[in-house]
Amino acid sequence: MSESNATSALIELQGITRIYRLGSEEVRALRGVDLKVRKGEWVGIVGQSGSGKSTLMNVIGCLDTPSSGEYRLNGRAVAHLSDDELADIRNREIGFVFQTFQLLPRETALANVELPLVYRGLKAKERREKAKLALEKVGLADRMYHRPNELSGGQRQRVAIARALAAEPSLLLADEPTGNLDSATGEEIIRLFEALHDAGHTIVLVTHEPRLAARCPRAVRLSDGRIIADGPGLEVAMQNLRDDPRLAAANAELSARAGG
Ligand SMILES: Nc1ncnc2c1ncn2[C@@H]1O[C@H](COP(=O)(O)OP(=O)(O)OP(=O)(O)O)[C@@H](O)[C@H]1O
Ligand SMILES: [Mg+2]
């Protein structure tokens with residue numbers, strides 16, 4: 001039945017490893033990751049610092065190639081492509097959002113969003129139209145001619161999300177998209193992701209924040225380069241809270257008091 005409906009799998013990772021070699025030392029950052037993400041899914045990647053989240057994002061985003069394993073993106077095997085071929089796939093398939101926004105400070109919001117469309121070879125008029133549409137999508141129609149320093153943190157991240165969406169990628173990838181935002185602004189960005197998910201976008205993001213992980217319909221937890229949990233975001237996020245040593249210590253103290 002639908003398990004063999006391979007056309008709907010946007011990301012298919014099989015036995016992915018990534019070993020960094022530093023002189024004679026080896027760091028096994030990914031130790032055999034299997035993951036399928038269907039079109040339209042929204043998946044959060046969580047895990048402690050050093051567990052391999054960014055390494056996995058880099059592989060998924062075609063910024064890096066695995067040491068072994070297979071990766072199919074939108075039906076195409078991409079694990080062993082050359083740098084040029086990967087760059088081409090990145091431009092067409094993937095929109096990136098970063099913790100630090102990475103906007104050009106001297107350019108307007110509109111010019112920032114247009115930039116990736118330049119690499120796509122679109123004509124100026126078409127670029128402008130697509131960029132405006134993307135800015136409208138993130139609720140910034142009235143801030144198009146502002147420069148980054150004339151925008152709030154949340155608005156800057158909206159511009160970055162518009163830039164990622166402008167070329168209509170099949171996949172939106174975000175590494176800690178709320179990491180530099182206060183909690184009210186972070187909430188604004190979480191709502192934007194919810195709206196994008198409702199509109200059918202496929203989203204994969206890395207987060208340290210349980211409140212964001214909990215809102216992802218699906219989350220996976222990495223530990224030491226392996227996936228150790230895969231389920232509804234709320235469950236996967238709660239698991240982390242349960243395992244939090246501070247919580248365990250607080251619990252132990254409470255039961256000791258109750259017992260004594
Ligand atoms: N370029 C590199 N060269 C060597 N080792 C690396 C390199 N990049 C990452 N590593 C190592 O690989 C492991 C996974 O790193 P990664 O950056 O994927 O972790 P992470 O889960 O993103 O952590 P964080 O939450 O701190 O961002 C770590 O042990 C790290 O030290
Ligand atoms: Mg990281």
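A residue is counted as near a molecule if its C-beta atom, placed from the backbone, lies within 6 Å of it. In this predicted model, that cut-off gives ligand 1 a shell made of Tyr20, Leu22, Val27, Ala29, Gly47, Ser49, Gly50, Ser51, Gly52, Lys53, Ser54 and Thr55. Two or more residues of the shell come from each of strand S1 (9-22), strand S2 (25-38) and helix H1 (53-60), and H1 makes the greatest contribution, with 3 residues. Sorted by class, the shell around ligand 1 holds 4 nonpolar, 7 polar and 1 charged residues.

Further along the chain, two helices pack against each other. Two packed helices are described by the angle between their axes and the distance between the axes. For helix H4 (residues 124-137) and helix H5 (residues 153-166), the angle is about 130 degrees and the axes lie 8 Å apart, and H4 and H5 are therefore oblique to each other. The crossing that H4 and H5 make is right-handed. On the side of H4, the contact is formed by Lys130, Ala131, Ala134, Leu135 and Lys137, while H5 brings Ala162, Leu165 and Ala166. This contact of H4 with H5 comprises 6 nonpolar and 2 charged residues, with no polar ones.

The last stop is a pair of strands. Strand S9 (residues 218-223) and strand S10 (residues 226-231) run antiparallel and are joined by 5 bridges, and among the residues involved is Ala219, whose bridge partner in S10 is Gly231. With 2 residues between them, S9 and S10 form a hairpin, and in its turn Asp224 has a positive phi of about 50 degrees.

Technical notes:
Residues are numbered from 1 along each chain as its sequence is written. Chains are lettered from A and ligands numbered from 1 in the order in which they are written. This is a predicted model: local features need pLDDT of at least 70, side-chain atom pairs count only at pLDDT 80 or more; totals for chains, interfaces and linings use all residues. Helices (H or I, at least four residues) and strands (E, at least two) are DSSP runs, numbered from the N terminus. Ala, Val, Leu, Ile, Met, Phe, Trp, Tyr, Cys and Pro count as nonpolar, Asp, Glu, Lys and Arg as charged, and the others, Gly among them, as polar. Axes are lines fitted to C-alpha atoms, for helices over the stretch in contact, and angles run from 0 to 180 degrees between N-to-C directions. Angles under 35 degrees count as roughly parallel, over 145 as roughly antiparallel, 65 to 115 as roughly perpendicular and the rest as oblique. A crossing is left-handed if the near helix is turned anticlockwise from the far one by less than a right angle, and right-handed if clockwise. Two residues are in contact if their C-beta atoms, placed from the backbone, lie within 7 Å. Two strands pair if DSSP finds at least two bridges between them.
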